[in-house]
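Colleague: Hi! Could you walk me through this model when you have a minute?
Modeller: Happy to, here is the picture.

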Amino acid sequence: MASCAEPSEPSAPLPAGVPPLEDFEVLDGVEDAEGEEEEEEEEEEEDDLSELPPLEDMGQPPAEEAEQPGALAREFLAAMEPEPAPAPAPEEWLDILGNGLLRKKTLVPGPPGSSRPVKGQVVTVHLQTSLENGTRVQEEPELVFTLGDCDVIQALDLSVPLMDVGETAMVTADSKYCYGPQGRSPYIPPHAALCLEVTLKTAVDGPDLEMLTGQERVALANRKRECGNAHYQRADFVLAANSYDLAIKAITSSAKASSGEPQESVALGPGLKLGKLRPERQPPQRGGCRGVWWHGDGCRGGHCLPIVDMTFEEEAQLLQLKVKCLNNLAASQLKLDHYRAALRSCSLVLEHQPDNIKALFRKGKVLAQQGEYSEAIPILRAALKLEPSNKTIHAELSKLVKKHAAQRSTETALYRKMLGNPSRLPAKCPGKGAWSIPWKWLFGATAVALGGVALSVVIAARN
């Protein structure tokens, strides 16, 4: 067998599937080389290994690199050392409310320097709505709504303020932040959680309500009223009341322009008032100022504030819309047991339309809920007189009449109990007739007269 210093033939290559040589295999090869050296050199230097070539000079497969001395120990120590904990991965999903029911993940970030929208701004988004199983049920390329006005589902109202303009995000929302137990027929079933892919396109400031034209005001109020109707149908009466209130604000913000009564304005300075432009008092056209009613010599300091006038048709249309919103607001407040607020809404309707049947019916119902049956019954009778065929008013009025009668009997019994129950009078004596009480009065009067006569005689005798 050849020696370790001069290997006569290289080792056979490793068969396929066999792992590379480990340290213990190299050590086994050293033991074989020592046996061969003892046979060829007559066992003279049996224990002296100083002249042996290094281990890397041994015949090894050409493709394998020999292990350095101490590599086995280093690997053993490295295996015993605990591996460092991996760095935490950045959070991909943002838990918006902290309950895991509404989450947001950025798919495409917005451009550098882009800002986020704030409450009251009008935003435009591209919305793709899908169910949890991936079925796409709706797509709106240009959805426009006012942020924070409850114009859309809560999932959008809560997640869009956390997006930059130009950003695309995925939002997963539980059904309570979408369409709830009612769903949205026919595409969204009840209790359906949704996946929303939202792209925030633009965010601009909302319009100045006082500067809107009549038609713009009507359109805005109608949108808010329709949003309120959608919330009401989903039995979300809080959001419905909020939308109706916003619609009323959009309508009544024109009071300064249509009241005809001048109002003080800080921006105009002292001596200037705002109001509708009267045709007989057309001001001179100075600086292009129009539609201003002032007291004094024209515009001062460039503080002319134009006011938009409306036609009678537009004012009538806004009044009808206001009555509808107040009636719907009263219905929502009644569902929420806010009786004082509902009573105030009904009273506002009756100020404009005293014969409004819905307002009369709801006002009577509110008073009945408060136990004021004596006030509720005449109001419901007035509503029934306006619409005698209304079965709902008939049923409510009959129920209130019965409750009122029961209330009166209960109050009567309570009063009797408080006064010692005067209904239980003592029974009459069988031997006494109708003249018994007058004879008693006569006997008493006679006794008093006789006593007076005797007293006067005694006094006269002493004198």
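Modeller: What follows is a quick tour, from the overall fold down to single side chains.

Colleague: Great. What kind of model is it?
Modeller: This is a predicted model, so please read every value below as computed from it.

Colleague: Noted. How many helices and strands does the protein have?
Modeller: There are 12 helices and eight strands.

Colleague: And what share of the residues is buried?
Modeller: Of the 463 residues in the protein, 31% are buried.

Colleague: Which residues form a nonpolar patch on the surface?
Modeller: One such patch consists of Leu-414, Tyr-415, Met-418 and Leu-419. Together they have about 500 Å² of accessible area.

Colleague: Where is Tyr-415 found?
Modeller: Tyr-415 belongs to helix 11, which covers residues 391-418.

Colleague: Is Glu-396 buried or exposed?
Modeller: Glu-396 counts as buried because its relative accessibility is 10%, under the 20% cut-off.

Colleague: How many salt bridges does the structure hold?
Modeller: Nine. One of them pairs the side chains of Lys-105 and Glu-92, at 3.5 Å from N to O.

Colleague: Where do those two sit in the chain?
Modeller: Lys-105 is in strand 2 (residues 102-108), while Glu-92 is in the loop between helix 2 (71-80) and strand 1 (93-95). The two are 13 residues apart, and the pair links distant parts of the chain.

Colleague: And how accessible are they?
Modeller: Lys-105 is partly exposed, with a relative accessible area of 23%. Glu-92 is exposed, at 52%.

Colleague: What does Glu-139 form a salt bridge with?
Modeller: Its partner is Arg-136, with the closest N and O atoms 3.8 Å apart. Glu-139 is partly exposed at 41% relative accessibility, and Arg-136 is partly exposed too, at 48%.

Colleague: Which residues are linked in a network of salt bridges?
Modeller: Asp-149, Asp-151 and Lys-224 are linked that way.

Colleague: Changing topic to rings: how many aromatic pairs are there?
Modeller: The structure holds one. Tyr-232 and Phe-237 make up the pair, with 5.1 Å between centres and 70 degrees between the planes.

Colleague: Why does that pair count as edge-to-face?
Modeller: Because the angle of 70 degrees between the planes is over the 60 degrees used for that class.

Colleague: Are those two residues buried or exposed?
Modeller: Phe-237 counts as buried, since its relative accessibility is 19% and the cut-off is under 20%. Tyr-232, at 28%, counts as partly exposed.

Colleague: Last one: what lies over the face of Trp-93?
Modeller: Arg-103 does, at 4.5 Å from the ring centre.

Note on methods: Residues numbered from 1 in each chain as written. Predicted model: local features only at pLDDT ≥ 70, side-chain atom pairs only at ≥ 80, totals over all residues. Heavy atoms only, no water. Phe/Tyr/Trp six-rings, centres within 6.5 Å; stacked < 30°, edge-to-face > 60°. Buried < 20%, exposed > 50% of the residue type's maximum accessible area, 1.4 Å probe, protein only. Lys NZ or Arg CZ within 6 Å of the ring centre and 35° of its normal. Helix = DSSP H or I, 4+ residues; strand = E, 2+ residues; numbered from the N terminus. Patch = residues over 30% accessible without salt bridge, like charges linked within 9 Å, V, L, I, M, F, W, Y side chains within 5 Å. Areas by Shrake-Rupley, 256 points an atom, 1.4 Å probe, with all protein chains shown as cover. Salt bridge = Lys/Arg side-chain N within 4 Å of Asp/Glu carboxyl O.
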